[in-house]
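Here are my notes for someone opening this structure for the first time. Have a look at it, then go through the points below in order.

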Amino acid sequence: SETCALDLIDAEYIREITPGELVLINEDGIHSLEVFPAKRKACIFELIYFARPDSVINGRLLYQARQAMGAGLAEEYPVEADLVMGVPDSATAAGVGYALKSDIPLSEGLIKNRYVGRTFIEPHQRIRDLGVKLKFNPLPQMLEGERLVVVDDSIVRGTTTPSVVKILRRAGAKEVHMRICAPPIRYPCFFGVDMATRWELIAAQKTIPEIRDFIGADSLGFLSIDGLIKAVALPKDIFCMACFTGDYPIPVQLEM
C-alpha cells in the first residue's frame with residue numbers, strides 16, 4: 001500500500017486510487033470507475049509513524065514531512081540544549097528537522113535493536129516493558145553531562161517514553177527535554193489501528209504537566225494540530241484526526 005513497494009520492482013508511480021474508485025485494467029487499457037461516492041479521510045498517523053519515510057502520500061515525501069514536524073517542534077517548543085536526537089527509527093527525520101531549525105547539533109544517543117517489533121501493540125504491559133528494555137541501547141560517551149532534546153513520534157500509552165528517559169539518564173544525560181511529533185492522543189481508533197482503549201491512553205487521563213512528571217522529563221512539548229498540518233503541507237480536510245480531536249469521519253459506537 002506504499003509507494004516504496006513500487007520502487008522495489010521498478011514500477012512507475014502514477015497516482016493514488018481514490019476512495020470509492022475501482023481501477024480496471026484489461027485488453028482495452030486502464031479504466032477508472034466510481035463504484036460509490038466517498039470522501040477521503042486518510043489516517044494522518046500514516047504520515048507521523050506508520051508509513052516508511054521513503055514513501056510518498058498525496059505527492060508528499062514522508063521524510064520531508066517528518067523533518068518539517070521536527071522543525072515545527074523547534075518553533076513551538078524551543079529550549080537551551082547541547083544535543084538533539086531522534087528516537088530511532090521513526091523520529092530520526094524529525095530529529096534532523098529540530099536540529100536544523102534550532103541550530104543545536106544532532107547526535108545519535110540510542111541504538112535500536114533491529115530484531116524487536118513495535119511495543120505499543122503488544123497485548124500485555126509486562127511484555128511491552130520488556131520489549132522497551134530490549135529495543136534501545138544508549139551511547140553513554142555521547143550523552144554524559146549533556147542537555148538533550150529528544151524527539152519522538154508519539155506517546156500512546158506512555159509505555160516506551162519513561163523507559164527511554166530512564167535509559168538516557170542512566171547513560172549520564174544532564175537534562176532530557178521530550179518533543180513529540182503527534183499531538184496528544186486522547187481518543188481510540190475504530191478504523192483498524194490497534195492503538196489502545198481510551199482508559200489506556202495516557203493523554204486521555206493526564207494533563208501535559210502530569211505526563212511530563214510521569215515520564216520523568218525536564219520538559220515536554222507536543223506538536224499542535226496546526227503545526228502538524230503545516231508540516232505535512234496537505235489540506236486538513238483530507239485527513240482523519242479523530243485520535244487527537246474525537247471528531248470521527250463516520251459515526252462510531254463509542255466505548256462504554
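**Notes on the model**

1. Start at Ala233, which sits in the loop between α10 (225–232) and β12 (239–240). Ala233 is not a glycine, yet has a positive phi of about 55 degrees. As for the labels, helices (H or I, at least four residues) and strands (E, at least two) are DSSP runs, numbered from the N terminus.

2. Before going on, a word on what you are looking at. This is a predicted model, in which local features need pLDDT of at least 70 and side-chain atom pairs count only at pLDDT 80 or more, while totals for chains, interfaces and linings use all residues. Residues are numbered from 1 along each chain as its sequence is written, and side-chain values use heavy atoms, with hydrogens and water left out.

3. Asp10 is another residue other than glycine with a positive phi, here near 60 degrees. Look for Asp10 in the loop between α1 (3–8) and β1 (21–26). Asp10 counts as exposed because its relative accessibility is 73% (buried means under 20% relative accessible area, exposed over 50%, partly exposed in between, with a 1.4 Å probe and protein chains only).

4. Next, the loop between β6 (83–86) and α4 (92–102), where Asp89 lies. The peptide bond leading from Pro88 to Asp89 is cis, and its omega is near -10 degrees.

5. Ser90 lies in the loop between β6 and α4 too. Is Ser90 buried or exposed? With a relative accessible area of 19%, Ser90 is buried. Its side chain makes a polar contact of 2.5 Å with the side chain of Asp153 (a pair of N or O atoms within 3.5 Å; within protein, one must be able to donate a hydrogen and the other to accept it, and residues adjacent in sequence count only if both atoms are side-chain atoms). Neighbours within four places in sequence aside, Ser90 is in contact with Ile48, Tyr49, Arg66, Asp152 and Asp153, where contact means heavy atoms within 4.5 Å.

6. Now the aromatic rings. Rings of Phe, Tyr and Trp (its six-membered ring) pair if their centres lie within 6.5 Å; planes under 30 degrees apart count as stacked, over 60 as edge-to-face and the rest as tilted. The count by this rule is 5 aromatic pairs. Phe191 and Tyr248 form an edge-to-face pair, because their ring centres are 6.2 Å apart and their planes are at 70 degrees. This pair links distant parts of the chain, 57 residues apart: Phe191 is in the loop between β10 (175–180) and α8 (202–205), and Tyr248 is in the segment after α11 (242–245). Phe191 is partly exposed at 37% relative accessibility, whereas Tyr248 is buried at 13%. Elsewhere, ring pairs link Phe45, Tyr49 and Phe50 into a cluster.

7. Which helix holds Lys135? Lys135 is found in α5 (residues 125–135), and with a relative accessible area of 9% it is buried. Lys135 and Arg114 are 21 residues apart in sequence, and their C-alpha atoms are 7.8 Å apart in space.
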